[in-house]
Amino acid sequence: EIMQAFWHIELVQVKAIQHLASFVREKSAFPYLLMVTELITFAMKTHVNSLKLQVAGCSLLLEILNPALEQDVMMALDENMISFLLDTVRKHSESEELLSLVYTLLMILSASEVVAEILWDFGVIPDLLSVLRNFLHNENICLPCCGVLWSLAVSETNIDRALLASAVPVVFEVLQEHIQSGAVAESACSALWALSLQGCLNENEYEPTTALLLDALRMNPGRPVLVKNACLALGSLLRLSETAALRLIMDSKGSGINLIKDAYCLHFDDPEAVENICMLINEMVQYDDVVLDMLSQKMEELLFEIKCRFPSS
């Protein structure tokens with residue numbers, strides 16, 4: 001009632017949103033918080049110039065969104081609100097905190113095919129790539145931006161491959177910059193996988209991208225999600241290029257075959273990780289030179305062990 005009565009007073013709206021945020025952890029308050037999402041978004045639209053209110057509003061929406069998804073509850077974040085979120089990050093383009101919050105919201109929402117299509121319609125990619133270039137150092141921005149790119153690349157809508165191709169060098173830079181930050185590296189690897197699936201990499205990008213993905217595996221061997229994403233991305237590259245396959249076995253920092261063996265040893269009890277490793281191996285065996293190297297390193301022993309461990313798969 002206070003938010004409605006004093007909708008025009010910025011300070012009142014900020015204080016009200018901050019007060020609502022104090023109830024987020026209380027399960028009994030959740031249904032009521034869902035009811036006020038429209039008031040929150042209205043306050044944000046009314047006071048779009050207030051960075052403090054935008055940050056408070058986005059933060060609260062994010063706090064409400066996570067439990068809403070866990071309970072399969074839909075939030076009232078429609079096409080107009082998504083358009084507004086994109087407008088507000090353009091207006092406050094220097095606020096790293098707001099950029100992180102908005103793109104995290106968009107990453108979560110873009111898992112929906114409907115939202116992914118809306119983001120395509122609104123032309124989000126040039127804005128997103130500009131944000132990545134400007135804030136390459138910020139993990140909290142790079143992670144959700146790569147997540148949004150993944151959703152857009154795998155969506156079933158009519159995608160613009162040329163526009164996606166312009167994202168490849170930027171995501172490459174993100175992975176280079178944050179290769180030792182597991183969560184960001186996972187997100188960047190998934191984006192590269194999706195971009196390679198869509199045929200967005202050119203021939204000159206196959207070899208350096210293969211080398212970078214091998215580095216990601218080398219530096220984050222214990223992260224199962226990264227292993228899965230990197231193997232999928234490598235498999236996609238090998239499907240396209242023998243150059244990528246040869247780089248995998250002749251990488252200057254060590255053979256990719258040893259990395260694959262190490263990944264299996266660490267994640268042999270994760271069926272999805274093993275499946276993705278096998279998918280990569282399946283792409284490797286289409287090249288004679290790679291097969292010879294696999295035989296010299298007794299790769300058949302690993303395959304036999306996998307077959308015995310997963311006889312029904």
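This is a short chat about a predicted model of one protein chain.

Me: What should I know about the model and the numbering before we start?
Reply: The model is predicted, so local features need pLDDT of at least 70 and side-chain atom pairs count only at pLDDT 80 or more, while totals for chains, interfaces and linings use all residues. Residues are numbered from 1 along each chain as its sequence is written, and side-chain values use heavy atoms, with hydrogens and water left out.

Me: How many helices and strands in the chain?
Reply: The chain has 20 helices and zero strands. Helices (H or I, at least four residues) and strands (E, at least two) are DSSP runs, numbered from the N terminus.

Me: And what does the C-alpha trace span?
Reply: About 75 × 40 × 30 Å along the principal axes.

Me: How much of the chain is buried?
Reply: Of its 313 residues, 53% count as buried. Buried means under 20% relative accessible area, exposed over 50%, and partly exposed in between (1.4 Å probe, protein chains only).

Me: Which residues touch the most others in the largest nonpolar core?
Reply: That core has 110 residues, and those touching the most other members are Met44, Leu106, Leu119, Leu132, Leu175, Leu248 and Met284. A nonpolar core is a set of buried Ala, Val, Leu, Ile, Met, Phe, Trp, Tyr and Cys residues joined through side-chain atoms within 4.5 Å.

Me: Take Met44. What is it in contact with, beyond four places in sequence?
Reply: Leu53, Gln54, Gly57, Cys58, Leu61, Met81, Phe84 and Leu85. Contact means heavy atoms within 4.5 Å.

Me: Which residues of helix H4 are buried?
Reply: In H4 (residues 37-46), Met44 is buried along with Thr37, Ile40, Thr41 and Ala43. They lie on the same side of H4, because their arc around the axis is only 155°. The arc is that of the directions from the helix axis to the C-beta atoms.

Me: Is Cys189 buried or exposed?
Reply: Buried, at a relative accessible area of 0%. Cys145 is buried too, at 0%.

Me: Last one: where is Lys298?
Reply: In the loop between helix H19 (288-296) and helix H20 (299-309). Lys298 has phi near 55°, a positive value in a residue other than glycine, and is partly exposed at 49% relative accessibility.
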